[in-house]
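Please consult the sequence and the structure shown here alongside the text.

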Amino acid sequence: MALARGPGRPRKSRGQPGVNPRAGNLGRDAIVMRALELCRTESLAAISMVRVAESLGVQAGTIRHHVGVRDELLTGVINTFYSLLHERLKISGDNASWKSELRRIGATWFNLKLEYSGVTQYFATEDRYRIFQKPRSGERDHGAAFMDRVFVVLRNAGFTPSLAAECWHQLALATTAAANEISTRHSTGQNARFLLQRAQEFDHLAGLSFALPALAKLDAEAAFINSLDSLIRSFEERLRIEGPK
């Protein structure tokens, strides 16, 4: 499965920088989507009503009129994030095994977290709205629906509730940690020059001489997929041992 590369900055509209020429027709959905687009390059935790208003060329009061308080903006952005995740997971093989389906879910979740790195940074540091949202009346909680989808896959595979819970925890942790490391440019491959310099300085240390040059060349995205495969294999073995007899 192809992995998404780090996104560039979103294109600005023509005319006055940062102004949306359709600002006069703003509604809640457009505002929330704009805030999500800002999360390609900015942390959601730092995005304010004023920041969204500036990016659209309107007053902050206009944003509050359509969206409400900032909490409603945050939960709207994350709910839209999970809605996009559902869209990308729509197509699946009729006879797909739980292993291939879980791998597809993990890789797609990881890719989306890379694409909207500001949402991922929020997931890594905040407690509210990481999964369960506060949707408007008649609106679906897409985070809850996504969690339900994963648990149904695991239940149908024969996982016990406790094993399914641990699998979810490990999958959520792995996708967030890996995507956040890459998007904040903390992966080893993104700091190869520094590591190779250190390898030369510590060439008298057997352990560093042995593996530090390879660490500097590590492809963090490929390493995530390898770790995802290892995670699935480990739960396959645990399912064999701990699952229903």
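Axes are lines fitted to C-alpha atoms, for helices over the stretch in contact, and angles between N-to-C directions run from 0 to 180 degrees. Helices (H or I, at least four residues) and strands (E, at least two) are DSSP runs, numbered from the N terminus. The model is predicted: local features need pLDDT of at least 70, side-chain atom pairs count only at pLDDT 80 or more, and totals for chains, interfaces and linings use all residues. Residues are numbered from 1 along each chain as its sequence is written, and side-chain values use heavy atoms, with hydrogens and water left out.

The protein chain contains 11 helices and zero strands. Of its 245 residues, 40% count as buried, where buried means under 20% relative accessible area, exposed over 50% and partly exposed in between (1.4 Å probe, protein chains only). Among contacts (heavy atoms within 4.5 Å) in the protein chain with a separation of 6 or more, 74% join residues 24 or more positions apart.

Helix H8 (residues 161–183) packs with helix H11 (residues 220–242) at an angle of about 175°, and their axes are 11 Å apart. H8 contributes residues including Leu163, Cys167, Leu171 and Ile182, while H11 contributes residues including Phe224, Leu228, Leu231 and Phe235. By class, this contact of H8 with H11 has 12 nonpolar, two polar and four charged residues; Ala, Val, Leu, Ile, Met, Phe, Trp, Tyr, Cys and Pro count as nonpolar, Asp, Glu, Lys and Arg as charged, and the others, Gly among them, as polar.

The accessibility of selected residues is as follows.

| Residue | Relative accessibility | Class |
|---|---|---|
| Cysteine 39 | 0% | buried |
| Cysteine 167 | 2% | buried |
| Serine 117 | 7% | buried |
| Histidine 186 | 55% | exposed |

The structure holds zero disulfides (pairs of cysteine sulfur atoms within 2.5 Å).

Serine 117 belongs to helix H6 (residues 117–125). The side chain of serine 117 reaches the backbone oxygen of arginine 40 at 3.2 Å. Leaving aside neighbours within four places in sequence, serine 117 is in contact with Cys39, Arg40 and Ser183.

Histidine 186 lies in the loop between H8 and helix H9 (192–201). Its C-alpha is 9.9 Å from that of alanine 220, 34 residues away in sequence.

Key: A polar contact is a pair of N or O atoms within 3.5 Å; within protein, one must be able to donate a hydrogen and the other to accept it, and residues adjacent in sequence count only if both atoms are side-chain atoms.
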